[in-house]
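Please keep the sequence and the structure in view while working through the solutions.

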Amino acid sequence: MEAKNNTPATKKPVKHLDHVVIRFAGDSGDGMQLTGTQFTMSAALLGNDVFTFPNYPAEIRAPQGSLYGVSGYQVQIGSHEVDTPGDKLDLLVAMNPAALKKNLPDLKKGGMIIVDTDAFTNANLQKAHYESNPLEDGSLKDYTVVEVPMTSLTREALKDIPIDSKSKTRSKNMFALGMVYWLYGKDPKYTEAFLRKKFKNKPDIVEANIKALKTGWNYAETLELMPVSYIVDEAEHHEGKYKIINGNMATAWGLIAAAEKAGLQLFLGSYPITPATDILQELSKYRQLDVIAFQAEDEIAGVTSAIGASFAGKLAATTTSGPGLALKGEAIGLAVMLEIPLIIIDVQRGGPSTGLPTKTEQADLMQALYGRNGESPVIVIAAKSPSDAFYRAFEAAKLTLEHMTPVILLTDGYIGNGSEPWKVMKLEDLPDIHPPLVKKTLENWHPYDRDPETLARKWVIPGTPGMEHVIGGLEKDKESGAISYEPENHEYMVKIREEKVQRVKNYIPEMKAEFDQEGDLLIIGWGGTYGALKNAAKVLRDKGHKVGLAHFTHIKPLPKGTAEVFSKYKKLVVAELNLGQFANYLRMNLPQFRYEQVNKIQGLPFYESELTEAFEKIIKA
Amino acid sequence: MTTQIKYTFKDFASDQEVRWCPGCDDYVILRSMQKALPLMGIPKEKIVFISGIGCSSRFPYYMDNYGIHGIHGRAAAIATGVKLSNPDLTVFVMTGDGDSLAIGGNHFIHAIRRNIDLNIILFNNEIYGLTKGQFSPTSLIGQKTKTSPYGNTQPPFNAGELALGAQGRFFARVAGNDAKRQTEIYVEAQKFKGTSVVEVMQNCVIFNDGAYKFWTDKAVRDEHQLFIEHGKPMIFGKNKDKGLVLEGGELKVVNLGENGVTEKDILVHDAHNPDPAVHLMLIRMKNPIVTGIIRSVREETLEEREAKLTEEVKASSKIKSYNDLVNA
């Protein structure tokens, strides 16, 4: 991605901003995800830092105009590093009354709303449960409302293009995008190129979309209600090549990189489940890299086929979300017992049960740690941002292969679907991976002989002559590896499996706090909340508080140095999107500290503002 | 492979003590398999036994090959991962009526649907043995078990019907006490490319003893068991005097020599007929019970399709490595 000249061709005055937060909202069929993605790509290509978050309904095409059919795409663009999609909106594009109603609470006082007035019919107002038209009843007086008859303007502009009437109406999202491009001084040329490529066999559709886009841009240029164009300057240019990547794609690529680095082929056994399906879809594209992406008949077959693949010598993974992790529990226990490499990726969503399939939550932590029968320890790690998902997936592979024990990688709907620039990593820049693979005949070998340092057993795959052996879910003798029901042997084996996981401590980075190394408050978090916690820490420090941030990507085992870091602060607060699962895990492992909690369970990420407020209360208490 | 290694059955016996009940047909299955493997000409390190849970599933421990004793019902799914990962391996799924037709029913039917080259040996004893005597999905209506003390009310699955309903291309049935035919059938099942299901009617001496006596006992088996072979007329009886004819869309038993019936009137078994209609009728017959390879229809396997597609994609893609991918 190269930075390009960021000068708009407007004749109106230009004002410079540090960052802006924009949300495109409409019916789930209105193309809001595409519109948002296009804006993001253009902003990034023009040098802004970006962070996005799509928010879409569980229903594919909910009834038109209904509140539960509203689909949204939020993006923050900045002239400095941005770590979240932003709290409050500067601009809301609402394609119908339902989109306005649902998203208005997130708009800043004084923010701008662009609405398609053609969609504000009585029928649509009723569907959105408006008693009177908000465009007329004065309820929007705190905002700048830009009323645009977008549908009719688009249809009028496209009247000579020989496409059906529905397709003309559908182009209104490009009209809206054109207006937003004007407002933020973005050149629409990248979107034009995109449209030409996407519809290369449908020249009329290309023409219609580009015409709508340009008409929107020109309309904004002449509109009195838009007196100023706002420019978010280029962010500091970092060396290297960047790609906008969402967490699910980053996860998929991390696995591909790890397989190649380890000299193995990748096998994914998976079953479609929101919001994890994208990983399966992404990996389905890479047969040319010998990736086997096996869509199984159910969640259990997803994980068990991966276990079979691991036994046969593949880097094996399974991807899922909370309900699927519950179904995989028994099989993960089998992998613990077999002591073979296996990566389980849980893109967490709101639960329990089907819960909030398209919304985010961090409530599968206890399930990941303990959601199996028996003493069943696995390594648990968590990605902190969309781009971090790449490194965590890679690390999950390295740990599982080198320590011969399953790894659960927790991401969530927010980072899985959220996207940000990821610095393209070349294979040679990534650490080596050395699985304990044995391809020759060893004398006096037993399947459960262990490496004295890691306690990992050897990985001997079918096809290796003279090393035939059977492994299984029954307890085995610590020496021979044969079935054993001996009481003391069982206790020994339970302890050694736990110890093997604990020794991973020696192979992961020590805990280090960010910001103040001692002080009033240590903010503790894990996984996908990193961006919001970091921003909150910055705000508190700007206000004069001494605040550190201890963000965990390694949960089991906890990194070395954790207690030392915790001991340097007057107060500790654990902020997470559940009722306090990590806080309780810390209470169990490090009971010498007192932990305050900040929790949110709304299917939404933390907002910096609510965090700052909660943390200040704790500091002052 | 450079030289063909000559094995005997002993080469496939592990050092583990066999722990099935004395008199169990499982011993016959074990020995028949150990005798079948040397006939297959496959290096022993390329043979994998995957099992689930149940008496049948202890099988891999007694073989000197690679194996996984898995979890209940999931053997076919584990085996699918093994075979997709390394199609060069010969993969057996050792499973039972509870393991594959109840808790693992989904994996069983989907493995068959995909036609992946697994050899599923289904030990059917019409009872749960390892949990000590509850009815299974193949138990008969009225059968008294520990969980059906007044008689079972759930109609049974016929494993063959289920396999063919899932588009099964290879289905064989064999008596649990018939060592010789088991060995032959295991060899044929292994040779067959695609999912093969061998239903072994295995007697559980403890919890369902004698379930198959009426057609497997030496004294009666010639009269009540019809062993069929492809291309041969379906004749049975001690004196080879009975046979099957197809009449009015149904299979009927006729006596040779009566009413002018001669051998050329008897139906000739066509295991390769893609139409499963006659195969299903054979599978459903109650008297005689039909054994042998009932259906064997070669179709493209999953791994053949996978390999072909992967080659095509590789040939047309510029992406050869991770670095190509991220730089594209």
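Helices (H or I, at least four residues) and strands (E, at least two) are DSSP runs, numbered from the N terminus. Residues are numbered from 1 along each chain as its sequence is written, while chains are lettered from A and ligands numbered from 1 in the order in which they are written. This is a predicted model, in which local features need pLDDT of at least 70 and side-chain atom pairs count only at pLDDT 80 or more, whereas totals for chains, interfaces and linings use all residues.

**Exercise 1. Locate Lys146(B) and determine its contacts.**

Step 1: Lys146(B) sits in the loop between strand S4 (118-124) and helix H5 (159-165) of chain B.
Step 2: A residue is buried if 20 or more other C-beta atoms lie within 10 Å of its own, exposed if 12 or fewer, and partly exposed in between, with C-beta atoms placed from the backbone; Lys146(B), with 13 C-beta neighbours inside 10 Å, therefore counts as partly exposed.
Step 3: Two residues are in contact if their C-beta atoms, placed from the backbone, lie within 7 Å, and, not counting residues up to four places away in sequence, Lys146(B) touches Lys132(B), Gly133(B) and Gln134(B).
Step 4: Asp25(B), 121 residues apart from Lys146(B) in sequence, is 22 Å apart from Lys146(B) in space, C-alpha to C-alpha.

**Exercise 2. Identify the buried residues of H16(A) and what covers them.**

Step 1: Helix H16 (residues 487-502) of chain A has 16 residues and spans 23 Å from its first C-alpha to its last, close to the 22 Å expected at 1.5 Å a residue, where the expected span is 1.5 Å times one less than the number of residues.
Step 2: The buried residues of H16(A) are Met493(A), Arg497(A), Lys500(A) and Val501(A).
Step 3: Seen down the axis of H16(A), these buried residues fall within an arc of 100°, so they line one face of the helix; the arc is that of the directions from the helix axis to the C-beta atoms.
Step 4: On the other side of H16(A), the exposed residues are Pro487(A), Glu488(A), Glu491(A), Lys495(A) and Glu499(A).
Step 5: The cover over the buried residues of H16(A) includes H12, strand S14 (379-382), helix H14 (388-403) and strand S23 (554-556) of chain A.

**Exercise 3. Classify the packing of H2(B) and H4(B).**

Step 1: Helix H2 (residues 75-85) and helix H4 (residues 105-114) of chain B pack at an angle of about 40°, with their axes 7 Å apart; axes are lines fitted to C-alpha atoms, for helices over the stretch in contact, and angles run from 0 to 180 degrees between N-to-C directions.
Step 2: Angles under 35 degrees count as roughly parallel, over 145 as roughly antiparallel, 65 to 115 as roughly perpendicular and the rest as oblique, and H2(B) and H4(B) are therefore oblique to each other.
Step 3: On the H2(B) side Ala76(B), Ala77(B) and Thr80(B) take part, meeting His107(B), Phe108(B) and Ala111(B) in H4(B).
Step 4: By class, this contact of H2(B) with H4(B) has four nonpolar, two polar and no charged residues, where Ala, Val, Leu, Ile, Met, Phe, Trp, Tyr, Cys and Pro count as nonpolar, Asp, Glu, Lys and Arg as charged, and the others, Gly among them, as polar.

**Exercise 4. Describe the side of chain A that touches chain B.**

Step 1: The contact takes 45 residues from chain A and 43 residues from chain B.
Step 2: The largest share of the chain A side, nine residues, comes from H11(A).
Step 3: By class, the side of chain A that touches chain B has 26 nonpolar, 11 polar and eight charged residues.
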